[in-house]
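Here is a short briefing on one chain. It covers helix packing, the sheet and the annotated spans.

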Amino acid sequence: MNQLKGIHHITAITSSAEKIYQYFTDILGLRLVKKTVNQDDIDTYHLFFADDIGSPGTDMTFFDFRGIQKGEKGSDEISRIGFRVKSNQAIQYWKKRFEHYNIDFKEVQMFDRIMLWFEDFDGQEYAIVSDELIKGTDGGIAWKKGPVPDEYGIIGLGPIFLRISNLPRMDHTLVEYLGFEFKLSYKNYSLYEVYKGGNGASVIIDHQPKLKRAYPGYGSVHHMAFRIEDLEVLNHWIKKLNSIGARHSGYVDRFYFKSLYTRLYPSILFEFATEGPGFIDDEESYENLGENLALPPKFRNQRTEIEKIVRYIDTRPKNYDKEYF
């Protein structure tokens, strides 16, 4: 019951909220399910891209901190974000899609998975990863009204790559603290899975002991969140972190989910996030997710002020035709 259930979301930093909105909707075919602000810095957008209904385990989110410098790649960072597709046939589709949109990619095979590695305009690193023959955590629902055909669409996150300098310490963190199981090694990569396993519950460790430490900025990942069932389980993790002497945030109410933050390994921020209540709420129905600036209740009396601070971004839905190549 208290196990981590896999990846909940990944939050990264972008140089442009407008450009990342276009990239994730028009090219990657993910749905903007929430356009809100950073709850700790309300002059910063927080955009949530996910599957058709905003399922946990499918959302990639972005901050656009003003004036931030470009991040520097290195060790001890969350380095590459995997996006799940259903089949190897979908991988072939994405090759053609990337060629059409002039996106450079590299085909990689490891741990019985076929992947396409690519980067966005900020140098953020991603992978399209096939679920074919990979059993485990269920995926979500591809965005029905997006440009990517349903059978080829992205259905969730994973695996997530971490580029680290100290493999024994990360192994201890994953296995002893977080309940992951080591599965396989390939060259300098190690695969770990939790709960039901599969791409949605996997991390791949890239051991790079000689690299300098990464420096955060746009084009880098801010944190990764693990799925937990509910507030009862979150309180269990607070007690567990206390028992091992780990510093943490304590309970944080994000409205769309409840959270807890900690750094169990240097420089890498982990979050524990509940599966609900989710993004369909009193402000937005399924039909109009992401269209307007959404605010948690504690910020709604500041709406006029916040709308003056954050620039307007037009996220009204487009009428896409499904793109076949």
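**Helices on the sheet**

Helix α4 (residues 231-243) lies across β13, β15 and β16 and runs at about 25° to β15. Helix α3 (residues 167-177) lies across β15 (257-265) and β16, at about 140° to β15. Contact means heavy atoms within 4.5 Å. Axes are lines fitted to C-alpha atoms, for helices over the stretch in contact, with angles from 0 to 180 degrees between N-to-C directions. Helices (H or I, at least four residues) and strands (E, at least two) are DSSP runs, numbered from the N terminus.

This is a predicted model: local features need pLDDT of at least 70, side-chain atom pairs count only at pLDDT 80 or more, and totals for chains, interfaces and linings use all residues. Residues are numbered from 1 along each chain as its sequence is written, and side-chain values use heavy atoms, leaving out hydrogens and water.

**Sheet**
- Eight strands form an open, mixed sheet in the order β2-β3-β4-β1-β13-β16-β15-β14.
- β2 (31-38) and β14 (252-253) are the edges; each has a single partner strand, so one side of each lacks a neighbour in the sheet.
- Strands pair if DSSP finds at least two bridges between them.
- Five bridges join β13 (residues 221-228) to the parallel β16 (residues 268-277).
- Phe 226 stands opposite Phe 272 in β16.

**Helix α1**
- Among the buried residues are Tyr 21, Tyr 23 and Phe 24.
- Just after α1, Gly 29 takes a positive phi of about 70°.

Definitions and conventions: Buried means under 20% relative accessible area, exposed over 50%, partly exposed in between (1.4 Å probe, protein chains only).
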